[in-house]
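Biologist: I am new to this model and would like a close look at one part of it.

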Amino acid sequence: MREFPEGVKGMEIASSISEGLARNALAIEVNGEVWDLSRSITTDASIKILTWNDAAGKSTFWHSSAHLMAEALESLYPGVKFGIGPPIANGFYYDIDLNGKPFGDEELAAVEKKMSELAKASNPYLRAEVSKADALKYFNEKGDQYKLELINDLKDGSITFYKQGNFTDLCKGPHIPHTGFIKATKLLNIAGAYWRGDEKNKMLTRIYGITFPKQKELEEYLHLLEEAKKRDHRKLGKELELFAFSDKVGQGLPLWLPKGTILRERLEQFMRRSQVKAGYDPVVTPHIGSKSLYVTSGHYEKYGKDSFKPIHTPDENEEFLLKPMNCPHHCEIYKVKPRSYRDLPIRLAEFGTVYRYEQSGELHGLTRVRGFTQDDAHIFCRPDQVKSEFIKVIDLVLHVFTSLGFGNYTAQVSLRDPDNKAKYIGDDELWDRAEREIQEAADERQLKTVAVKGEAAFYGPKLDFMVKDALGRSWQLGTIQVDYQLPQRFELEYVGADNQRHRPVMIHRAPFGSLERFVAVLIEHCAGNFPLWLAPDQIAVLPISERFNEYAEMVFEKLKSQDIRGLLDIRDEKIGRKIRDAETHKIPYMLIVGEREANESRVSVRKHGQGDQGSVPLDEFVKQFQADCAAPV
Ligand SMILES: [Zn+2]
Ligand SMILES: [Zn+2]
């Protein structure tokens, strides 16, 4: 608790703390709202000075950079009109109307240069409150119909302008102190975007860019971008023939090709085995369910109207929904017979394919699709079993992550908002207990966790796992979720030791999340160089010339008989070409066979990306390789 005179500005507070903080301060959080450092604070407030290291600091920086880009554009293209220019996850964009003027890479470079020039002027971002009438007058004179439209939707008394250099924008802020913070700029690409996202409106030009407070950070970012492009699962999925999309089949509905199917099935087998060991019972349920099932579960409300429409039977007037979730089906399996406290926990597992409507613009490779398969399971247990079940699920999730090379993970514990307990269903005591036990379970397994209040679903607390991939990007995978609602909605019961009826607790969990999303993350993590046990082709047998095809065939058959997957390349091509092709397809091992190998029953081993490994007797190689190909247990 510190005292400041009334009207103190964020920048003054930062200076009073340290010179270094004042130098790096970008904005200030005042009672949870982000403000300009130049605004006067007139009431008691909890504050936080924001720098580049804070997410809100970064987005303020990028939002301010969008204004800088607009200033550069206006100075190069007088009369240009502006739509909206928000910050995004990495950088910012601005939608502009160039009135038909051509705009390409050359123009992009010129704007970028102008931005650097204007940044050097260190112009402050000045905030001004304006009346609606004055705001309309300003943009009327400027002739910017987009800003006029935006102002018309605003309430008088709530409108602010921001000005830096010669550029004034309608904006609620906040902004960084001045343009001099922006030391490195890159305009990344241009796209078309309908005004207000409505295809009946005019198509504007959207310019994406990113900026940094240091040149070195920009260089690192561009390098990362380059690497990410090479690893893009959509690109590798095509090159390695793993999956495809067809407009004829439908957008967002992946087609798994033979090689991708091997990968997917290996993952499934691995999970099935792990689950059997962990005491799960596999079940299978249909891809559709009657509307009343989802009305009971509450999913109809969530997915019914805004998702795929119900399917009607022609004669009997029934309604079915494509399954958006597997849980309701599993609740009905629980109900097929009376359950006693001694039967619990019951763990039902299914690779259940679900369908959810996503707008076509939201679809993205395998990470956002309209049909996907969850490695789903539901655990029905007694309240006193929640903690031990959580620990078991955590163990399973960690087993999956470590087996697949995701060593860097954290977890988020999502809790109730303690000030708004009324919005959650389920007994207060049960919630307290479950929240405490989830945290204890995570601690017992030494998980790095952050607890976030107010992030729980209304029906129960949860634990979400984030993994970092080889490029340091975070992905949300596995999730474990407690649910008090569905057992209530489906009136699930068990008979307790006291001979009374009790309600079980339900735990939803999916270590992969979905197979589609998991495969996408895995491809980008390992750049298509899958661990041996998953690789669609584990080995390529490459005869040096036609003369050794027969020996090569014998080697290949021997590998196949040991369940090793691969290919035999007997094309009439030079060995160099055969090696190159195998390398391009990221096949982990190559066996080169020629005269000496054929005569002595040996093989010359080559490893992907690592070259020659020397020559080994065939039998010895097959034995070792078969062991190396085994899936983790
Ligand atoms: Zn702004
Ligand atoms: Zn579920």
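In which helix does histidine 329 lie?

Modeller: This is a predicted model, in which local features need pLDDT of at least 70 and side-chain atom pairs count only at pLDDT 80 or more, while totals for chains, interfaces and linings use all residues. Residues are numbered from 1 along each chain as its sequence is written, chains are lettered from A and ligands numbered from 1 in the order in which they are written, and side-chain values use heavy atoms, without hydrogens and water.

Histidine 329 lies in helix H12, residues 327-334 (helices are DSSP runs of H or I with at least four residues, strands runs of E with at least two, numbered from the N terminus). Beyond the neighbours within four places in sequence, histidine 329 is in contact with Thr285, Pro286, Ile288, Gly289, Leu293, Tyr294 and Lys323, where contact means heavy atoms within 4.5 Å.

Other histidines hold a metal. His63 (NE2), His67 (NE2) and His175 (NE2), with Cys171 (SG), coordinate the zinc ion (ligand 1) at 1.9 to 2.3 Å; donors are N, O and S atoms within 2.8 Å of the metal (3.2 Å for Na, K and Ca), and sites may look incomplete because water is not among the atoms. The spacing of these donor residues in sequence is H-x3-H-x103-C-x3-H. Histidine 63 is in helix H3 (residues 55-76) and cysteine 171 in the loop between strand S11 (167-170) and strand S12 (184-194), so the pair ties together parts 108 residues apart in sequence. Both histidine 63 and cysteine 171 are buried.

Notes. Buried means under 20% relative accessible area, exposed over 50%, partly exposed in between (1.4 Å probe, protein chains only).
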